[in-house]
Amino acid sequence: MKILVCISHVPDTTSKINFNADQTAFDTTGVQYVINPNDEFGLTRALWFKEKQGATIHVVNVGGPETEPTLRKALAIGADEAIRINQPATDGYSVAQALATVVQEGQYDLVIAGRESIDYNGGMVPGMVAKICGYAFVNTCISIEIDGTTVTAVREIDGGKENLKTTLPLVIGGQKGLVEESDLRIPNMRGIMQARTKPLHVKQTENSNTMSQTLRYEKPAPKQAVTLVENAEQLINLLHNEAKVI
Amino acid sequence: MPILVYAESDQGIFKKITQELISFARAIADQMNTEVVAAVTQDPSNANLGQFGAHKVLNLEQPSLSEFNAELVAEALTQAARATGASTVIVSSSANSRYMAPLLVVALEAGYVPNVVGLPQSYTPLTVAHNVFTNKATAFTSLQSSISILGLSKNAYGVHHYDTNAEITKQEVTLSPSSVEVISLDKASNKVMIADAEVVVSAGRGLKGPENWGMIEELAEVMGAATACSKPVSDLGWRPHSEHVGQTGKPVSSNLYIAIGISGAIQHLAGINSSKVKVVINTDPEAPFFKAADYGIVGDAFEVVPDLIQKLKEFKAQNA
């Protein structure tokens with residue numbers, strides 16, 4: 001089975017979010033970049049497929065040379081090869097087009113993408129890749145089992161879960177549940193050493209049509225200090241009369 | 001060039017998010033001098049969607065759409081968008097809409113912006129404000145496509161009332177079999193869902209053990225709220241995974257979020273950030289959550305919560 005895991009290169013959760021002088025771009029100064037949390041669960045799940053059923057794992061990112069350390073980390077965790085599509089991740093549309101090219105060229109059986117990245121929260125890339133490639137698609141996927149080309153998957157829905165059946169080739173929008181947090185694989189020394197020599201291919205695609213353009217960013221107004229009260233009665237009073245939420 | 005709304009329903013009920021969506025679409029339609037067409041997949045005859053601003057209702061109902069299927073809904077909406085000549089499609093932030101929307105984007109070659117927090121900033125080009133960096137910032141994005149899809153954030157726009165009589169028309173759509181089959185559904189049917197809830201009552205490790213959750217459930221019941229928990233509590237197995245809210249759990253965009261015995265780790269805050277009002281109850285005055293809270297009580301949950309339950313019951317009785 002050929003698995004492609006899509007890796008987003010994102011600022012660490014604890015990063016302070018700041019923008020450049022004219023508020024047109026995220027300020028990367030001093031920001032630590034990591035593998036998008038939702039993608040990590042997918043990467044470990046792919047490793048389980050490799051170990052239990054046999055699979056090759058490729059990881060792919062759309063971005064400039066600055067994303068290569070993140071791809072190397074995915075290689076260190078256990079992926080076999082990495083692909084960097086050399087173009088800025090301008091919007092969901094252009095990223096999905098670029099990824100779809102790699103999916104189609106590589107004829108992957110399973111594509112695992114994080115359901116949403118913590119930076120731009122678009123949540124659109126997995127589904128778009130599936131539709132462009134004509135693959136089946138399961139979003140918010142919290143469990144997946146593959147037997148031949150038959151797939152049983154579980155989708156998290158508002159207020160519960162849906163048990164699904166589908167077939168390869170398939171794209172899933174993955175998240176926690178594919179594996180548990182405690183199961184996440186981390187790079188060990190051997191993995192880090194091996195990652196240095198595993199292949200990292202840089203590709204150009206012809207697709208970089210964008211459908212949207214972000215003009216500027218704004219940070220929220222600084223938050224007012226908390227109003228501390230002493231007891232339940234005072235709280236209820238404020239929630240009813242001031243906040244008007246009860 | 002009407003505004004098409006994916007007017008979601010669950011078991012034939014058109015929930016508040018759908019009402020908000022239609023009102024939002026109506027405000028846009030009024031600015032663009034056009035009409036709102038609400039596309040439904042379940043019987044709309046008792047829903048009176050005109051009262052929220054719809055001019056027309058397009059009934060796409062058919063057996064294969066009786067249960068939600070992203071592929072089929074996207075295909076039906078694609079045909080509806082083409083049939084109506086829609087310029088804009090409005091969807092919600094529900095799990096189903098987020099599943100379906102990307103498929104629609106490709107079928108219509110549309111530009112899509114989710115997490116929209118208000119009416120467009122401008123119409124030529126269509127420019128909207130939306131949440132990014134997990135609610136830590138707002139982006140202003142213009143769409144360059146001939147059809148646009150906007151995903152409205154929950155609780156970003158209210159329900160408005162109109163006097164419109166929405167005409168219902170049946171629209172036949174031809175659907176190919178889907179590549180995904182639903183085998184079964186596991187739904188906690190009696191409980192309020194976090195995604196829908198106006199109020200969410202959440203608790204963390206400060207509760208010391210799963211045996212202490214009775215008062216949390218009681219508080220939630222008094223408030224008609226959903227129950228939620230922090231990640232450590234979910235990882236420890238004290239509460240079901242479905243209650244975990246936070247960056248790798250469910251997002252919360254309720255009107256009121258009450259956090260009891262939760263310190264306020266950044267990953268937790270990231271997920272609950274778009275709740276309107278946050279209340280924190282914690283014994284530790286240095287708990288980071290107090291910096292993110294609107295209201296707080298520094299105190300022992302085992303004293304404060306029973307007191308809160310009691311006082312809320314009295315409050316409800318007085319205001320009945």
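**View 1. A helix of chain A crosses a helix of chain B in a predicted model.** The crossing of α4(A) and α3(B) is right-handed. On the α4(A) side, the contact is made by A:G127, A:M128, A:K131 and A:I132. On the α3(B) side, B:Y99, B:P102, B:L103, B:V105, B:V106 and B:A107 take part. Sorted by class, the residues of this contact are eight nonpolar, one polar and one charged.

**View 2. An open sheet of six strands includes strands from chain A and chain B.** The order is β13(A)-β16(B)-β15(B)-β14(B)-β12(B)-β13(B), and the pairing is parallel. β13 (227-229) of chain A and β13 (226-229) of chain B stand at the edges. Each of these edge strands has a single partner strand, so one side of each is left without a neighbour in the sheet. From one strand to the next, the twist averages 20°.

**View 3. β13(A) is joined to β16(B) by three bridges.** The two strands run parallel. Within this pair, A:L228 stands opposite B:G296 of β16(B).

**View 4. Strands β14 and β15 of chain B pair in the parallel sense.** β14(B) spans residues 256-260 and β15(B) spans residues 277-282. Five bridges link them. B:L256 has B:V277 of β15(B) opposite.

**View 5. Helices from chain A and chain B lie across strands.** Helix α6 (residues 232-241) of chain A lies across β13 of chain A together with β15 and β16 (295-298) of chain B. This helix runs at about 140° to β13(A). Helix α4 (residues 214-223) of chain B lies across β12 (199-203), β13 and β14 of chain B. The angle between α4(B) and β12(B) is about 175°.

**View 6. The contact takes 59 residues from chain A and 68 residues from chain B.** On the side of chain A that touches chain B, at least two residues each are supplied by α4, β7 (136-147), β8 (150-157), β9 (160-167), β12 (212-218), β13 and α6 of chain A. β9(A) gives the most to this side, with eight residues. By class, the residues on the chain A side divide into 25 nonpolar, 21 polar and 13 charged.

Terms used: Residues numbered from 1 in each chain as written. Chains lettered and ligands numbered in written order. Predicted model: local features only at pLDDT ≥ 70, side-chain atom pairs only at ≥ 80, totals over all residues. Axes fitted to C-alpha atoms, helices over the stretch in contact; angles between N-to-C directions. Helix = DSSP H or I, 4+ residues; strand = E, 2+ residues; numbered from the N terminus. Left-handed = near helix turned anticlockwise from the far one by under 90°. Contact = placed C-beta atoms within 7 Å. Nonpolar A, V, L, I, M, F, W, Y, C, P; charged D, E, K, R; others polar. Pairing = 2+ DSSP bridges.
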